[in-house]
Amino acid sequence: MQNNSTLGYYDNHAAEFYKNTVNVEFAAMQRQFLSRLKNGSHILDFGCGSGRDTKYFLQQGYHVEAIDGSFELCKLAAEYTGIEVKNMFFQELAEVGKYDGIWACSSILHLPMNELVEVMRKMAVALKENGIIYTSFKYGTFAGERNGRYFTDMTEETFAEFLGEVGELEVEEQWTTSDVRPGRGEEKWLNLILRKR
């Protein structure tokens, strides 16, 4: 199941993580994602953290469901967004053909590769036909514990290989960016828009 030390980290550092991420300027990514969706589309914020993106999508008139594995972050995100935020593991996703888009920003990167394949398949099943996923990974080939949390990093090559195991999804667009948090600009991220075939 979900990596317990990672969830423990987020429960123990929820207030600090919330403070550091809730006001981060992320509109360029959010717009990239929304530009592919019709107004009023149904979005799942999959690992919503502080609730920053959920709130933005709601303000733009989208229907949003939000989940997170950290109980403490769920409480903070629910307070911030004004909607219920469901406390659940990624592996518990069981919807079928429900969402136009799934937003998995810096979230599923905490899963080891074998669990990531299973979860990405569930995400594909949860999407409507032609639905899209935005997801992001730290750029590189590392997999393991770093600063109290588990990470699976990706490059374009390793992600293409990974996606081959999932089926049903194809890369519509991919690009790299620097970390948007203050003092973290040297960290690179791989951003991906995937579409359900």
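In this predicted model, helix 1 spans residues 4-12, and its buried residues are Thr6, Leu7, Tyr9 and Tyr10. Viewed down the axis of helix 1, these buried residues fall within an arc of 155 degrees, so they line one face of the helix. Asn4 and Asn12, on the other side of helix 1, are exposed. The buried residues of helix 1 pack against helix 2 (14-21), helix 5 (71-81) and strand 7.

Strand 6 and strand 7 form a hairpin with two residues between them, and in the turn Asn147 has a positive phi of about 50 degrees.

His110 is placed in the loop between strand 4 (99-104) and helix 6 (113-126). Is His110 buried or exposed? Residues under 20% relative accessible area are classed as buried; His110 counts as buried because its relative accessibility is 10%. Apart from neighbours within four places in sequence, His110 is in contact with Thr6, Tyr10, Arg149, Tyr150 and Phe151.

Attention now turns to the aromatic rings. A search of the whole structure finds 13 aromatic pairs. One of them, formed by Tyr18 and Tyr80, is edge-to-face, with 6.0 Å centre to centre and 85 degrees between the planes. This pair links distant parts of the chain, since Tyr18 lies in helix 2 and Tyr80 in helix 5, 62 residues apart. Tyr80 counts as partly exposed, at 24% relative accessibility. A further pair, Phe137 with Phe159, is tilted, with 5.8 Å centre to centre and 50 degrees between the planes. Phe137 belongs to strand 5 (residues 127-138) and Phe159 to helix 7 (residues 156-166), 22 residues apart, and this pair likewise links distant parts of the chain. Phe137 has a relative accessible area of 0% and is therefore buried; Phe159 is buried as well, with a relative accessible area of 0%.

Ring pairs also link Phe26, Phe33, Tyr56, Phe57, Trp103, Tyr134 and Trp175 into a cluster. Over the ring of Phe26 sits the charged end of Arg52, 4.5 Å from the ring's centre.

Note on methods:
Residues are numbered from 1 along each chain as its sequence is written. This is a predicted model: local features need pLDDT of at least 70, side-chain atom pairs count only at pLDDT 80 or more; totals for chains, interfaces and linings use all residues. Side-chain values use heavy atoms; hydrogens and water are left out. Helices (H or I, at least four residues) and strands (E, at least two) are DSSP runs, numbered from the N terminus. Buried means under 20% relative accessible area, exposed over 50%, partly exposed in between (1.4 Å probe, protein chains only). Contact means heavy atoms within 4.5 Å. Two strands pair if DSSP finds at least two bridges between them. The arc is that of the directions from the helix axis to the C-beta atoms. Rings of Phe, Tyr and Trp (its six-membered ring) pair if their centres lie within 6.5 Å; planes under 30 degrees apart count as stacked, over 60 as edge-to-face and the rest as tilted. A charge sits over a ring if NZ of Lys or CZ of Arg is within 6 Å of the ring centre and within 35 degrees of the ring normal.
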